Amino acid sequence: MVNTVNVVELCIIGIGAVFTVLLVLTVVIKVMIKLTDLVDKKRREKKLFLKLKNEVFTAIVGALILHTENVLSSQKPLIDRHPPQLLWKFADRLKNTRIGWKETAKVEASLGEV
Amino acid sequence: MLGFFETGFEFLTLKNIVMIGVGLLLVYLAISREMEPLLLLPIGFGAILANLPLTDLTESSGLLGIIFHYGIEWEVIPPLIFLGLGALTDFEPLLADPKTFLLGFAAQIGIFAALILAILAGFSLPEACSIGIIGGADGPTTIYLTQKLAPHLLGATAVAAYSYMAMVPLIQPPIIRVLTTVEERKIIMKPLRRISRIQKILFPIVVGIVAILFVPKAAPLVGMFMLGNLFRESGVVERLSRAAQNELMNILTIFLGIAVGSTMSAENFLKPTTLLIFLIGIIAFITCTATGILFAKFMNLFLKEKINPLIGAAGVSAVPMSARVVQKEAQKVNPQNFLLMHAMGPNVAGVIGSAIVAGVFLGITL
């Protein structure tokens, strides 16, 4: 016949053991999710930053080409044929993109997009 | 020569007839009432076969004896069923709100209460553990633990576990209504966040390693459960995942059912202790539901964003019936309240919780 008091003690230890394991699992999973979210966010920011770099590079190369054509061309200067609005618009867009990409990364992270 | 003229009639006892009746009852419940038919049908028919005399089916060289020996005694079938269950389980609701792991724990407290009750009723510690685990509402865990600790109680505990799992929609609602107020049931929880693929892949690996390091005896169940889930979430072994969810589960369910049914001989089953097992089993189940709800209410004392205490009732491992009962009860007081996915978190956590409890019981008794 098993001693009831011992069994109650065993049950308390058992409940404590199960609680400890599941509490540890809760904490470990929370930490895992936070770390993976952080890695995801960094990856997303890096992706957007690379996109921005590409656009800046394209803009510089485009401006150089236009300028070169303008210098070499015997026709009406390109500045007259291609009003600068396009370039300024592009520069503005780059400026907005530069400011906006961090916010964009935050919004995308909150939506949980991979 | 005389053996040719032997029939089973002269060896049929009253106890055999009663057990055949029990088997027929289980078959009726499975077919007519659709109560856990996948298990109760083969268990019921296995019980009928086991009680027909002179068949030798349950002998060590008989068909049912061989299936029982290599499937249950060798502890192969329950862990492999957990493999299939892992492949079927989506842990996203649990990952989206990891604190529901604690609700999975809370619903297992009732198991220990039932254990104490079983000891007071005169059962030994291993027998009491096998009876208490019925409250976890997890058939394979019940069978796995009972086979290790009290194999002579296998038929009774398995039938009790699966019967009560099928009766979740009848047993849980009254307990829910008694322990919660209408205002509490109306609590709306915020939508769950999305989980990335990498998080779903890491989950079974992390949980498997951590849980088994803490409770090594739970390794067969937890390990297979997590492996099955990894098959599902990795996305690169679609064939294995589909096989685990379908073919493997179906084959193992057949073998499990008839093997368990084969243990329901008159000598093993028709004892006063069987009724006691059923009684303590239902008390365990009720207590597990109650402790889940009460723990959720306790957690609300410390949480800024309150959880609906109904989801605590889903901490028993009856997946997904318990979660559906919670959803239904919530919508009775507020039709706009969709709690199903929130309830699935503790529901699947309960499966892990009951496997951990089984491991703890094995550590205590073996």
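Author: What follows is an account of the interface between the two chains, and then of some local features of chain B. Please keep in mind that this is a predicted model.

Let us begin with the extent of the interface. On one side, 29 residues of chain A are in contact with 34 residues of chain B. Together, chain A and chain B bury about 2,900 Å², and 87% of this area is on carbon and sulfur atoms.

The polar part of the interface can be listed briefly. Between chain A and chain B there are 4 residue pairs in polar contact, and the rule finds 1 salt bridge across the interface. Side chains of opposite charge can pair when their charged atoms come close. Here, Asp37(A) forms a salt bridge with Arg193(B), and their closest N and O atoms are 2.7 Å apart. On the side of chain A that touches chain B, the largest share, 24 residues, comes from helix α1 (residues 4-72) of chain A. Sorted by class, that side of chain A has 21 nonpolar, 5 polar and 3 charged residues.

Over all chains, the structure holds 11 salt bridges. As for the pair named above, Asp37(A) lies in helix α1 of chain A, while Arg193(B) lies in the loop between α12 (182-185) and α13 (197-214) of chain B, so the pair joins two chains.

We may now turn to two helices of chain B. Helix α10 (residues 154-166) of chain B and helix α11 (residues 168-179) of chain B pack at an angle of about 65°, and their axes are 5 Å apart. The helices α10(B) and α11(B) are therefore roughly perpendicular to each other. To their contact, α10(B) contributes Tyr164(B), Met165(B) and Ala166(B), and α11(B) contributes Val168(B), Pro169(B) and Ile171(B). By class, this contact has 6 nonpolar residues, no polar ones and no charged ones.

Finally, two details of the backbone of chain B deserve attention. Most residues other than glycine have a negative phi, and most peptide bonds are trans. Glu36(B), although not a glycine, has a positive phi of about 40°; Glu36(B) is placed in the loop between α1 (14-31) and α2 (37-50) of chain B. Val319(B) and Pro320(B) are joined by a cis peptide bond, with omega about -5°. Pro320(B) belongs to the loop between α18 (310-313) and α19 (321-333) of chain B.

Technical notes
Residues numbered from 1 in each chain as written. Chains lettered and ligands numbered in written order. Predicted model: local features only at pLDDT ≥ 70, side-chain atom pairs only at ≥ 80, totals over all residues. Heavy atoms only, no water. Axes fitted to C-alpha atoms, helices over the stretch in contact; angles between N-to-C directions. Helix = DSSP H or I, 4+ residues; strand = E, 2+ residues; numbered from the N terminus. Parallel < 35°, antiparallel > 145°, perpendicular 65-115°, else oblique. Contact = heavy atoms within 4.5 Å. Nonpolar A, V, L, I, M, F, W, Y, C, P; charged D, E, K, R; others polar. Buried area = accessible area lost by both parts, 1.4 Å probe. Salt bridge = Lys/Arg side-chain N within 4 Å of Asp/Glu carboxyl O. Polar contact = N/O pair within 3.5 Å; in protein donor to acceptor, adjacent residues only side chain to side chain.
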